[in-house]
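Here are some notes on the model you sent over. They are meant to be read with the structure open.

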Amino acid sequence: MNIYEKLNEARIRFQSANVKKSGKNTYAGYTYYELSDILPVINKLAKELKFACIVNFTKEVATLDFVDIEKPSEKIVFSSPMASASLKGCHEVQNTGASETYLKRYLYQNCFEIVEADALDMTMNPNAQQQQPRQYQQPQNRQYNGYQQQPRQYQ
């Protein structure tokens, strides 16, 4: 199997594993995958299919390398810009850990195409008035240097 076949097979097997979400956001009322939900399944698949996932962080970017163990020079890289967290009551190291944990989870979700409902949508206020799209306004007849310009007709 080449590296793309391994990744494809791992994605299919992960989706068939029926992994349950244990994370709960009580504020917004949704559940999500914790690393502890997905990593045991992915690590088992890695052993069976002979790949490894290596996560790295720099100041600018977080990466997950999906590496073929049988051909270590072959890898597929997934990346995300680094972001910072500012959790209340936490010091800088805790915020760094929070950022890395979130990014690691998102990198695995990207690599293995783990689908979750969009948490941002769930935190939106459903009672807030949505902005209506603007209607196109037909321009009025204009005169330029004594010439009458007719408005264009759009279909």
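1. A residue is called buried under 20% relative accessible area, exposed over 50%, and partly exposed in between (1.4 Å probe, protein chains only). Strands are DSSP runs of E of at least two residues, and helices are runs of H or I of at least four, numbered from the N terminus. This is a predicted model, in which local features need pLDDT of at least 70, side-chain atom pairs count only at pLDDT 80 or more, and totals for chains, interfaces and linings use all residues. Residues are numbered from 1 along each chain as its sequence is written, and side-chain values use heavy atoms, without hydrogens and water.

2. The protein has four helices and seven strands, in the order α-β-β-α-β-β-β-α-α-β-β from the N terminus. Of its 155 residues, 28% are buried.

3. Side chains alternate along E5.

4. E5 pairs with E4 in the antiparallel sense over seven bridges (pairing requires at least two DSSP bridges). A hairpin of six residues joins the two strands, and Ile76 is the bridge partner of Phe66.

5. Phe66 is also among the residues with the most contacts inside the largest nonpolar core, which has 27 residues. Such a core consists of buried Ala, Val, Leu, Ile, Met, Phe, Trp, Tyr and Cys residues joined through side-chain atoms within 4.5 Å. H2 (35–49) gives the largest share, seven residues.

6. Tyr108 is another of those core residues. Its contacts (heavy atoms within 4.5 Å) include Leu35, Ile38, Cys53 and Leu64, not counting residues up to four places away in sequence.
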